[in-house]
Amino acid sequence: LQGWRANCDIQVVIDHYACVEYLTKYAAKGEPRSPILKQAFNSIVQNVDSNTDPHRVIKKVVMKSLGERDYAAQETMHHLLSLKFHSSSFKVMPVSLNGSRRVRDTASIDEGESCTDYSLLDVYANREQYDSSQNIINMNFVQFATTYKVVNNELTKLPENIIPRIFPTYSPNPKGPNFGLYCKYQLLRYKPWRATQNNAWGDQEPTDEVLINCWHEFLQTPYGQSNVPDWFDKLQAVIESQEAEDEPSEEQETTREEWMILSDLNTPFDNSEQTPESTYDWQLDRANYSEQQIQEMPTWIKTNKEEYTVDEQYDVVDINSFSEMQKLAYDIVKSHFDDTSSEKEPLCLIINCVAGTGKSYIINAIRNLLQSKCAVTATTGKAAYNIRGVTVHSLLKLPIGSRGNKDLTGQSLCRLQESVNNIGYIIIDEYSMLGQVTFGWIDKRCKQATGYNDKVFGGRSLILTGDPGQLPPVADKPLYHAKPSNAVGEQGHQAYHMFDKVVKLTVNQRVQGMTSEQVQFRDLLLRLRKGDSTVDDWKLLLTRQPSNVTNLCDFEDSTRLFYSNEQVGNYNHEQLTKLEHPIAHINARHSSALAKKISSDDMSGLEPVVFLAKESPCDSEPCFNGGKCSNVGDSFECKCPSGYKGKRCQEIVSPCDSGPCENEGECSNVGDSFECSCPSGYKGKRCQEIVSPCDSGPCENGGECSNVGNSFECSCPSGYKGKRCQEIVSPCDSGPCENEGECSNVGNSFECSCPSGYKGKRCQEIVSPCDSGPCENEGECSNVGDSFECSCPSGYKGKRCQEIVPPCDSGPCKNGGECSNVGNSFECSCPSGYKGERCQEIVSPCDSGPCENGGECSNVGNSFECSCPSGYKGERCREIVSACDSGPCENGGECSNVGNSFECSCPSGYKGKRCQEIVSPCDSGPCENGGECSNVGNSFECSCPSGYKGKRCQEIVSPCDSGPCENEGECSNVGNSFECSCPSGYKGKRCQEIVSPCDSGPCENEGECSNVGNSFECSCPSGYKGKRCQEIVSPCDSGPCENGGECSNVGNSFECSCPSGYKGKRCQEIVSPCDSGPCENEGECSNVGNSFECSCPSGYKGNRCQEIVSPCDSGPCENEGECSNVGDSFECSCPSGYKGKRCQEIVPPCDSGPCKNGGECSNVGNSFECSCPSGYKGERCQEIVSACDSGPCENGGECSNVGNSFECSCPSGYKGKRCQEI
């Protein structure tokens, strides 16, 4: 092992296949070229001429080469340790298909013999000479070369450990330039041929077309299918090459890639205009770095790439917000993750989800759960970027295109193992684009990375997410395809069958809501996915075209899809130009001519030309939190807003940064403020105050503390005493009770028990006779010596006012009136001629109210006179005036009073109110029952109404008199009419009709009855049906509403509730937006799609022409001036600081003379600045400068202006002019 350390090719071998591959590769490895060998050979050959002995020359070459050749490290160790130069269980046999032969020793060549030995190719071509059996004849070259050799002109079997190394080899790429040669040497290897090589392709001219066709035909034979390794892959390659040849020539042109188009747009070739970008001297940027820095850049880049780590950040996901299916998927993964048993199988889970159902949300949740045990990948770069993952090709080092279709070895395998070492779960998004071959390689790579070849995916768990209805795989078959293309595809197909759990997300989380618009768009997306889009879907999508979107600027940075690379190139060129910076062209360095020809797609998107725009340092917006960026050379400087600091304003300014705590106080940040922990002897918000003896609050119970030297003194409030006012003062301690009253403590107060003869709170008052309240009935007591006297209120008398005074005692009745006590009052009985409560008023003649019936009384001396109202008379107006008094009845009529009127009883021959009219014969109304009377001389004649007869129409005519009932019907008088009782078989008012089946009215609801034989038939009116028209026909039964209108029965009719866009009785008419006449003021309406547009007449505006165009509509007032219409013109009310017709002129701030007290004004932008004279200050020089303005008093001293000077009132503990001394 010590010796083998010199071998730089040591690697870990994980299985026997890798071991065989490694040993074969190493045993067949040739020595690298040596320039010393070439020099040794040339130095000898240069001195050779035609006379030189060839043997000597070769001997010199060999000796010189052995003496001066390079030794490999491994060969050196073999020499030092006396080991064999090679040791292998296989023997490698180099075979050339070009037919090269070994030159024979001239001494052993007989005349006529060939100077070369037969090659293995020659032996195979003439194998019939050695064995003509069919088995030998049917062997292909590879089988023959690894089985037989010629010894003594006979075929002898080789040992089984022969490994042929056959050359030359060519690329199997069907589109490569050497595919014809590849087919040629494949035919020589695997197709049995005889005599000459041309026999392998039918003795035809070996053109590429002939070789490819012959190889194709051979692969289709049973022999080719059973004897050619990887038969199907080789057959597919040939078919692909022939399909490429059959394509039209114009389609054979390679599609121009986007970088090519950008090159044309950006490179100043030929007659394109020179631009600032094309003339920019990029060497100026080089001058910013020293030569040493430039030389160290590759190492710096490599080091930073190796040391770079991604700061993994996880999005916050609330699992309580999951839909039912999201939670199910999450629980499956969590249950598997929490299972720590060693025998658990890998999780193979598929999460099917259409757009908007929360796929990214569940991926983030699983990532948060699994953390570093999870790798998030996708099938494309864009999909990986959207979920903050990597491509599955990048993670597992999958082959791309035709490159890398082999197992990894060496450093590549080590890197793969290292990258997936700690990963237990791999999430693959957009799995619809995974093909069977790619999935097979995923299985192979996982097995290589873990070494577990007997477990699917090497024991790793896979979670596939996406919509299987999305884009299919490119140049590969879908996972579910029943016929895989090759062995790797079969492996992928079988691996796909291991997925036994599928969760389908169905709840659309992105397009939620139940409004008609939201539901419509959600349904559109589902139909679009299935390919079932409708014309209405297309119309809805057209409304979302850029030309119809008002907020297009919000989509400026959105991803764009284009139809061609040319459109992509033009758009990217436009974006580069907008930067207005020089554009650098970075050209790739190709490792070989082949690499130069490979497309960018085969290079995983790496393009031969990269375009970079030189940006200013501030273009990347480096300043955070609203910091303002300024370019400073090649760097930047951030001016941070209040509350932030740091190079990029990324740090929050701590309140403690300014060192607010004085006297060595310790500062702590508390939210947006700070808190100071003060050292002993200091206090205050900033520890700026010295602690005094009173600071500890030694005085209790509200005692007032005073500093006395280094001690204190407490001034106690009432009720407290002691050094700290801690003792309660007893109320009785002060002896509050006077005159030997006895004191008792009652709570915080006292109570005095007074001796006889004293009273009061403190027994300070002498008891007086009135104290006992001897006066009753609110009598007022007065002390009179040792006795008292009561002053009684009105109505009371006696020593103590205890007796009630009778009301009549005071003689209240006047003029001889007699008084009577009534309770506490009195009543006077007045003599004739007097009245009033006390008989104090003289009685007048009218007082007794002698005038009746509302007559008005007047005193006349000692008597009275009545003025009677209408209708009355007499001395006291008690007689009623008679209406007949005036003799109103004429012609001898007799008058009778009736109330206030009269009534005349007229003699024969007269009538009227006053008997003034002559009576006619008809006046007495002789005609009865409504008969009409006519005067005939002195008599009358009555014209009787129907049903009556007689002189005065007093007799009733009988209806039955005329015999109205027919067919022997019996007549009965009924009032003024008659009723016929009809015999059997007849009916009708007069029994004139024969009875029919319809007579019983069998038809209901006004159905029309028709007699049909002995039965009937009903013709039902609209809205009814049935034998008797007894069933109501629902008007909606016939489906009268068109275009999806909803039908409602309204009585015997129907009513249609039309959907949006339709109208009419049956919703048969399309609603025209203009139908409602939306345009006012004679505006002309035009239908525009589902809306309308109004063409307004002169003088009107607005969506509906509803607004009158006013002079202010054009916004003539500038600078936010307020516009007012004044007739046909306008007037602007300018805001402060502006003037002019349109407020377009700025009013100089100094025009208003803002500076007081002689201050000098200067205009500064839109404001002003006052230069104040001595003795004044303030924005407008309005304040007098005082001596205290400068804050001369220190340590919290209070300043007072004293004339032109100041005086400081210092706090306790300080002194001095400015309180600066302790």
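Leaving aside residues up to four places away in sequence, F144 touches V123, Y124, R127, I136, M139 and L155. Contact here means heavy atoms within 4.5 Å. The model is predicted: local features need pLDDT of at least 70, side-chain atom pairs count only at pLDDT 80 or more, and totals for chains, interfaces and linings use all residues. Residues are numbered from 1 along each chain as its sequence is written, and side-chain values use heavy atoms, with hydrogens and water left out.

F144 and W215 have the most contacts inside the largest nonpolar core, which holds 38 residues. A nonpolar core is a set of buried Ala, Val, Leu, Ile, Met, Phe, Trp, Tyr and Cys residues joined through side-chain atoms within 4.5 Å. Buried means under 20% relative accessible area, exposed over 50%, and partly exposed in between (1.4 Å probe, protein chains only). Among the elements that give two or more residues to this core are strand 1 (91-96), helix 7 (141-145) and helix 9 (208-219). Helices (H or I, at least four residues) and strands (E, at least two) are DSSP runs, numbered from the N terminus. A second, separate core has 30 residues, including L416, L434, L479 and F499.

The whole structure contains 16 aromatic pairs. Rings of Phe, Tyr and Trp (its six-membered ring) pair if their centres lie within 6.5 Å; planes under 30 degrees apart count as stacked, over 60 as edge-to-face and the rest as tilted. The F439 and F499 pair is tilted, because the ring planes meet at 35°, with the centres 6.0 Å apart. This pair links distant parts of the chain.

One aromatic cluster consists of Y124, F141, F144, Y148 and W193. R127 lies over the face of Y124, 4.0 Å from the ring centre. A charge sits over a ring if NZ of Lys or CZ of Arg is within 6 Å of the ring centre and within 35 degrees of the ring normal. K1141 lies over the face of F1130 at 4.7 Å from the ring centre.

In helix 25, the buried residues are G569, Y571 and L576. Seen down the helix axis, they fall within an arc of 165°, so they line one face of helix 25. The arc is that of the directions from the helix axis to the C-beta atoms.
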